[in-house]
Amino acid sequence: MQIYVCVRHVPDSAASITVTGGAGIDQNIAFLINPFDEHAITQAVKIRDKIQGAEVIAICLGPDDAQKTLQSSLAMGADRGVLVQTSENHDSILTAKALKTAIEQDGSPDLILTGKESIDAEGMQTMFRIGALFNFPVVNNIVKFNIQDNEAIVDHEFSSGIVNRYKMTLPCVVGAGKALNVPKYPTFPDIVKARKKPVKKIALTDLNIETVTNSMTVVKLEPLLQKRNPEEIKGTAVQAAEQIVQILKFEAKVIS
Amino acid sequence: MSEKYDAIIIGAGVIGAPIAYEMAKMGYKTLNVDKLPDAGEGSTAGSCAIVRAHYSTADGVAMAYEGFKYWLDWENYLDNVEDEKGLAKYMNTGSILLKSQGHDWKKVQANYDEVGVDYEEWDNDKIKKAVPVADLHEFWPVRRPEDPKFYDEPTKALGGGIFCPEAGYVNDPALSAHNIMRAAEAKGSKFIFNAEVVDVRSENNKITGITLKDGTKIDAGIVVNVGGPHSFQINKMAEGVWEGCNIKTKALRHEVMYCPSPDEYDYINDGYHMSDGDIGCYVRPEVGNLFLIGSEDPDCDPQEWVDPDEFYAGKGGHGRDNVLSEEQWKAQCYRLGKRIPSLAVPNQPKGVVDLYDCSDDWIPVYDKSDLPGFYMAIGTSGNQYKNAPVVGRMMAELIDACEKGLDHDNEPMQYKYKFIDRTMNVGFFSRKREINYNSSFSVNG
């Protein structure tokens with residue numbers, strides 16, 4: 001069984017992001033594995049450990065620096081890595097085509113995992129596009145995963161918290177949500193082991209992807225300026241609690 | 001508007017607050033001014049607040065050991081003052097200094113003997129019992145993960161350690177400064193916040209006061225620079241002071257990491273402070289069962305000297321701004337990962353980046369200046385938190401003596417410790433000294 005995990009090299013969420021040139025960001029910041037992809041890797045390793053002969057392959061479209069993200073994936077338990085090298089930032093249309101082609105050239109997927117979204121673009125596109133290209137079923141933001149009789153049984157969570165259960169035939173594509181598992185981070189011995197695991201590098205141009213006619217481009221990036229209007233809540237604890245309830249009910253509308 | 005005080009103390013961190021407290025006890029009318037909103041919010045808040053006594057000089061050991069006595073009796077030191085935020089807690093974990101090539105532990109042990117520090121010698125079995133997750137192989141020399149030799153298998157074992165039972169850490173360093181502020185206020189001290197000093201005024205070669213950014217002038221015949229990472233800027237504001245210092249200070253960027261303890265190890269309750277020169281790290285427990293991992297500044301690590309205003313504004317770019325760098329995260333966590341092989345290291349860095357107010361030889365400057373009335377307690381270099389209450393008393397006595405005519409430059413004040421039977425030659429901390437090559441030139445002091 002071959003389990004492919006698509007991992008993305010994204011800016012560190014703690015970095016100070018500066019918009020440059022109107023549609024890009026200053027790249028002189030740390031890039032790391034997309035946090036949702038950590039759940040995907042952890043799940044893939046769990047599945048592999050139960051199935052004899054199964055293999056987890058982490059695959060990434062990104063610059064040379066993305067080797068760090070693959071090393072993180074290997075340290076977390078993936079068996080080997082594939083880096084599709086590109087110096088540009090691509091849209092989900094091309095990303096999905098590149099990953100699909102690279103996976104096909106590498107092996108034959110029984111299961112493809114991704115994170116539920118990347119924390120930079122938050123597009124939630126790539127997993128659906130990969131599924132469409134392979135003609136595999138896709139469920140995103142899964143919070144529970146089981147394999148039984150060549151079927152994947154997954155719980156999908158809507159943003160409202162409602163959970164639906166789906167059965168999919170393998171091969172399929174699933175996007176890992178945060179509630180799926182606790183990422184298993186590597187120890188130093190894991191990190192040492194990962195250094196010896198193979199990483200295959202292919203240039204994006206060598207994949208010979210047919211020309212993509214549709215594309216999406218970022219027209220403009222603007223920093224989100226949050227307006228804050230702090231108000232001091234005064235009075236006794238009881239009065240303060242009443243005021244907070246009023247605010248939560250009528251202003252924030254988070255309780256009814 | 002013009003106000004008059006006996007002394008203005010620039011900075012209300014863990015060193016500035018006790019200077020006010022001790023001067024107030026002597027009858028001085030003091031005012032602390034700080035550019036941040038509350039006491040201890042500056043680099044004090046970023047301190048690891050370790051209270052340990054191992055230093056490379058007997059004087060360093062003595063001062064730290066004197067400090068223990070204050071932390072161990074915190075309420076009494078504060079004269080039982082009440083603080084609405086509660087009191088900082090001294091977590092008396094004890095401290096293990098691993099015997100390694102990264103520390104001159106023989107010197108430390110001799111210093112302990114000379115000063116009379118309570119300690120025990122532990123062999124590897126004893127350490128293993130205390131810290132069951134530890135691998136006591138020798139990993140020396142300290143390297144970076146970018147170096148292939150970093151991953152070499154160790155062959156030798158370490159040779160035990162020195163345990164100091166009275167050591168530990170303070171759970172909330174900012175709160176400890178706040179506590180001292182409340183104690184000082186109870187003795188009549190005043191504190192103002194959100195007040196940035198833009199000028200230190202003098203006339204006829206004598207201090208007259210300070211000017212704040214909003215134009216407010218405050219007069220006093222004594223001004224004390226306790227500006228932390230901004231100390232060199234304050235010294236430059238006072239006429240002739242910066243030029244008159246042979247030892248200068250500047251701001252050094254420093255990263256401290258938070259990494260979760262292995263599940264099976266209740267580090268927050270069972271853990272010790274440990275200084276591990278063999279891997280260039282020191283660790284202590286942090287809330288959430290985390291390891292707080294500090295660096296002992298091994299030679300292979302980069303040193304980033306930064307402009308404090310740029311740094312706190314988040315400028316300077318990767319590795320120089322106030323965001324943890326992934327490279328250093330890996331360096332410190334992987335080093336500790338060698339000592340603790342079950343330590344799981346998250347991919348996302350977590351921790352604190354702040355500044356040391358670092359002197360040329362990593363030894364502080366506790367001194368007068370060439371401008372009468374201007375004093376300084378600067379260059380604390382990441383290792384003076386534990387000494388703060390001692391420094392408060394020593395500085396107050398130094399200022400008082402100089403104001404009463406002591407020629408400290410030529411006849412240095414001898415400070416008599418309150419708890420241990422020893423005297424400190426305050427001239428050791430002189431701004432006029434030559435660089436002290438006995439120093440470790442690191443946070444170890």
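A crossing of two helices is left-handed if the near helix is turned anticlockwise from the far one by less than a right angle, and right-handed if clockwise. Keep that in mind for the exercises below.

The model is predicted, with local features needing pLDDT of at least 70 and side-chain atom pairs counting only at pLDDT 80 or more, while totals for chains, interfaces and linings use all residues. Residues are numbered from 1 along each chain as its sequence is written, and chains are lettered from A in the order in which they are written.

**Exercise 1.** Work out how α1(B) and α11(B) cross, and which residues meet.

*Solution.* 
- Step 1: find helix α1 (residues 16-25) and helix α11 (residues 388-403) of chain B; helices are DSSP runs of H or I with at least four residues, numbered from the N terminus.
- Step 2: their axes, lines fitted to C-alpha atoms over the stretch in contact, come within 8 Å and cross at roughly 50°.
- Step 3: that angle makes α1(B) oblique to α11(B), since under 35 degrees is roughly parallel, over 145 roughly antiparallel and 65 to 115 roughly perpendicular, with the rest oblique.
- Step 4: the crossing of α1(B) and α11(B) is right-handed.
- Step 5: residues of α1(B), including B:P18 and B:I19, meet residues of α11(B), B:A388 and B:I399 among them, where contact puts backbone-placed C-beta atoms within 7 Å.

Terms used:
Axes fitted to C-alpha atoms, helices over the stretch in contact; angles between N-to-C directions. Helix = DSSP H or I, 4+ residues; strand = E, 2+ residues; numbered from the N terminus. Contact = placed C-beta atoms within 7 Å.
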